Amino acid sequence: MLSKKLPLAAAAAVAALFALPALAQVKVGVVTSSTGPTALVGIPQKNTVPLLPKKIGDLTVEYISLDDASDSTNSVTAFKKLISEQNVDALIGPSGSPNAMGVIQFAAEAGVPMLAPVGTAAVVLPMNEQKKWVFKTTQNDDIIARALVDHMVKTGIKTVGFIGLNDPYGENWSKVFTALATEKGIKVTANERYLRFDSSVTGQALKILAAKPDAVLVAAPGAASVLPQTTLFDQGYKGKFYQTHGAALPDFLKLGGKKVEGTVLAASLMLVLPEMPDSNPSKKVATDYIAAYEKLNGSKPATFGANVYDAGLLLEKAVPLAEKAGKPGTKEFRSALRDALEQTKELVGTQGVYNMSAADHSGFDDRGRELITVKDGNWTLVK
């Protein structure tokens with residue numbers, strides 16, 4: 001009798017198991033430039049994806065990661081594919097500023113929130129109906145630029161030569177920096193541009209050298225930040241070098257060597273974590289991220305990877321609120337997710353504290369920057 005009951009009990013258990021409702025799933029598309037000219041930015045971002053939350057509350061999270069090979073056209077193709085074929089609820093990426101500017105309209109038209117780990121503030125400013133769907137996980141240019149200008153004033157810099165990429169990153173930096181410098185009585189005596197994939201900037205460097213500025217500011221992310229500085233160094237320039245947070249990666253030190261010694265930049269506390277007090281709210285978050293990344297990849301991440309990690313933290317806080325308005329995969333959920341991201345308050349990330357608003361979709365304040373210099377081939381706080 002017992003032998004007959006066991007199969008029946010087992011069958012009932014199996015039937016009950018299959019009758020359980022499947023966990024609802026949030027789908028997040030990620031587009032990085034893990035190959036091509038922007039790879040030094042995109043590789044740590046791609047490698048960070050496995051560290052993003054796989055479950056938020058009762059919802060599982062799937063990440064579909066694509067490489068755009070640093071090509072803006074590929075970014076558009078990837079975004080369209082993730083929106084139309086994968087029906088994603090959120091998008092993280094792309095890695096490059098021009099790439100990000102080119103995909104905003106598609107995220108906005110589909111009503112899918114986009115978390116942009118890029119440098120240029122132009123992805124969120126000036127705010128409009130399309131950009132309200134974009135949230136930026138890096139410091140806006142003005143926060144970084146103010147720290148640099150203040151240091152220039154303090155050290156007696158009166159004239160500056162500017163060289164930046166001929167793209168939204170370089171253009172916005174030129175606009176923001178020139179305005180702030182002018183306010184403080186600093187004159188921009190040369191203003192040059194170059195392309196991300198250029199192998200020489202000799203012509204531009206000679207023009208800057210001829211202007212004889214007290215200092216030079218280079219505005220470019222990743223490996224592209226090194227070339228203008230090393231070129232000017234080789235041409236005999238003896239003034240002060242400044243860089244934006246785009247240069248905040250280990251390869252800047254490796255590629256530049258002694259030629260970048262003494263460079264000043266404002267960037268994330270991640271570069272100088274051992275020097276930061278334990279009271280800094282981001283120190284623990286950044287330390288935990290670096291440890292997890294190093295365990296997974298065998299090396300420490302550039303700050304660009306942290307921009308993707310923070311996107312995961314923002315989603316982790318916003319998704320439970322969005323779930324109240326609708327199920328993942330629906331317009332209601334995505335719209336509510338956008339609203340929840342916009343309402344983020346005092347969220348501690350790896351590089352600062354986020355306080356979003358309808359007017360501010362970056363959310364950083366001065367807690368998101370440190371004034372840093374290169375000393376003996378390493379990053380250190382400016383004393």
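Analyst: Two strands count as paired if DSSP finds at least two bridges between them. In this predicted model, strand β7 (residues 159-165) and strand β9 (residues 215-219) run parallel and are joined by 5 bridges, with Ile163 standing opposite Val218 in β9.

User: In what order do the 7 strands of the open sheet lie, and why is one side of β8 and of β15 left without a neighbour?

Analyst: The order is β8-β7-β9-β10-β11-β14-β15, and the pairing within this open sheet is mixed. Because β8 (187-194) and β15 stand at the edges and have a single partner strand each, one side of each strand has no neighbour in the sheet. From one strand to the next, the twist averages 25°.

User: Which strands do helices α7 and α8 meet, and at what angles do they run?

Analyst: An angle here compares N-to-C directions and can run from 0 to 180 degrees. Helix α7 (residues 202-211) packs on the sheet by touching β7, β8 and β9, and its direction makes about 175° with that of β8. Helix α8 (residues 226-234), for its part, lies across β7, β8, β9 and β10 (240-243), and runs at about 175° to β10.

User: How should I read the largest pocket: how much space lies in it, and which residues are closest to its centre?

Analyst: About 600 Å³ of space lies in the largest pocket, which is lined by 27 residues, with Leu249, Pro250, Lys300, Pro301 and Ala302 the closest to its centre. Four elements, α2 (39-48), α9 (250-256), α10 (283-297) and β15 (378-381), supply at least two lining residues each, and α10 gives the most, with 5 residues. Sorted by class, this lining has 17 nonpolar, 5 polar and 5 charged residues.

User: And what lines the second largest pocket?

Analyst: The second largest pocket holds about 220 Å³ of space, and of the 13 residues that line it, Ser70, Pro98, Asp167, Arg196 and Phe197 are the closest to its centre. This lining divides into 6 nonpolar, 5 polar and 2 charged residues.

User: Is Arg334 buried or exposed, and which residues does it touch?

Analyst: A residue is called buried when its relative accessible area is under 20%. Arg334, placed in helix α12 (residues 331-342), has a relative accessible area of 7% and is therefore buried. If residues up to four places away in sequence are not counted, Arg334 touches Asn87, Val88, Asp89, Gly111, Val112, Pro113, Trp133 and Gly329.

Key: Residues numbered from 1 in each chain as written. Predicted model: local features only at pLDDT ≥ 70, side-chain atom pairs only at ≥ 80, totals over all residues. Heavy atoms only, no water. Buried < 20%, exposed > 50% of the residue type's maximum accessible area, 1.4 Å probe, protein only. Contact = heavy atoms within 4.5 Å. 1 Å grid on protein atoms, 1.4 Å probe; cavity = no way out; pocket = protein on both sides within 12 Å on 5 of 7 lines; lining within 4 Å. Points joined across faces, edges and corners; volume = space filled by probe spheres on them. Nonpolar A, V, L, I, M, F, W, Y, C, P; charged D, E, K, R; others polar.
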